[in-house]
Amino acid sequence: MAGILAERPDARVLVATGSTPMGLYAELARRRAGGALDPSRITVYQLDEYAGIPPEDPRSLLGWLVRSFVEPLGIPLERLVPVPRDGDPDACARYDLEVDRAGGYDLAILGIGPNGHLGFNEPPSDADAPTRLVELAPETIRANAAYWGSPDLVPRRAVTVGMRGLLAARTILLLASGAHKRDIVRRALRGPVTPEVPASLLQRAADVRVFLDRDAWGEP
Ligand code: GLP
């Protein structure tokens, strides 16, 4: 990622929250603090958000993105583009249009959900799914409970950048770690390409680089 940002200092970058990329973001912040990297000119696009959750709510994914990525990397808040958090269809369509007009994403940093979702593109999600409001799947609610302490605290709906936009990113980094991801990582990378496993659609994307730890790939 540091290499990509060095080549393209004004990159448009679609950025996930979640546990998996936190080490990456901390390492980028460390390099920035040491002067080895200057990501201050990139534009950050939020990947997903719980529907209707305002930035001051502790569960706000925008707040998490600011704390873990935008601030530590010295990116001015004016260059953070949130997803339309109310999921209004017109606002989502305008958002996609503006991203297209800007030239699409240069880089997408993605994790993978236990059911193969990317962002909150829950199964089934087609390759041309737009940015939109979605109902969260039961597995996603269970997995997200780990962030907030209880499934009751996880909102039931969310807004996600659509498959169409993220699959068109010039470069995609997919990150997964832990044995609990092994099965879904295999299905995504080696299984049939199907909307039932949205991450399997990455097999058709132009430039995908996958970073796994041993637990997420090794033999059981
Ligand atoms: C969450 C988020 C995704 C994230 C994924 C994996 O539900 N919507 O943006 O990439 O699931 O999360 P984690 O990295 O915590 O396993």
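Biologist: What volume does the largest cavity have, and what makes it count as a cavity?

Modeller: The largest cavity of this predicted model has a volume of about 70 Å³. The term cavity applies because a 1.4 Å probe fits at its grid points but cannot get out. By the rule used, the count comes to one cavity of 30 Å³ or more.

Biologist: Which residues line the largest cavity, and what makes a residue part of the lining?

Modeller: A lining residue has an atom within 4 Å of a grid point. Among those lining the largest cavity are Asp-96, Val-99, Asp-100, Tyr-105, Arg-164 and Gly-165. The elements giving two or more residues to this lining are α4 (89–102) and α6 (163–167), and α4 provides the largest share, three residues. By class, the lining of the largest cavity divides into five nonpolar, three polar and three charged residues.

Biologist: How do you know where the ligand sits?

Modeller: The ligand sits in the largest pocket; the term applies because more than half of the ligand's atoms lie within 2 Å of the grid points of that pocket. The largest pocket has a volume of about 420 Å³. Its lining comprises 23 residues, with Gly-18, Ser-19, Ile-112, Tyr-147 and Lys-181 nearest the centre. Helix α5 (residues 138–148) gives the most to this lining, namely four residues. The lining of the largest pocket consists of 10 nonpolar, 11 polar and two charged residues.

Biologist: Which residues come nearest to the ligand, and how does the shell divide by class?

Modeller: There are 14 residues around the ligand, and Ser-19, Thr-20, Asp-48, Tyr-147 and Lys-181 come nearest. The shell divides into four nonpolar, eight polar and two charged residues.

Biologist: What kind of peptide bond joins Pro-123 and Pro-124, and where does Pro-124 lie?

Modeller: The bond joining Pro-123 and Pro-124 is cis, with omega about -10°. Most peptide bonds are trans. Pro-124 lies in the loop between β5 (107–110) and β6 (132–135).

Terms used: Residues are numbered from 1 along each chain as its sequence is written. This is a predicted model: local features need pLDDT of at least 70, side-chain atom pairs count only at pLDDT 80 or more; totals for chains, interfaces and linings use all residues. Side-chain values use heavy atoms; hydrogens and water are left out. A residue is near a molecule or strand if one of its heavy atoms lies within 4 Å of it. On a 1 Å grid over the protein atoms alone, a cavity is a set of points where a 1.4 Å probe fits but cannot get out, and a pocket is an open set with protein on both sides within 12 Å along at least five of seven lines; lining residues have an atom within 4 Å of a point. Ala, Val, Leu, Ile, Met, Phe, Trp, Tyr, Cys and Pro count as nonpolar, Asp, Glu, Lys and Arg as charged, and the others, Gly among them, as polar. Grid points are joined across faces, edges and corners, and a volume is the space filled by probe spheres set on the points.
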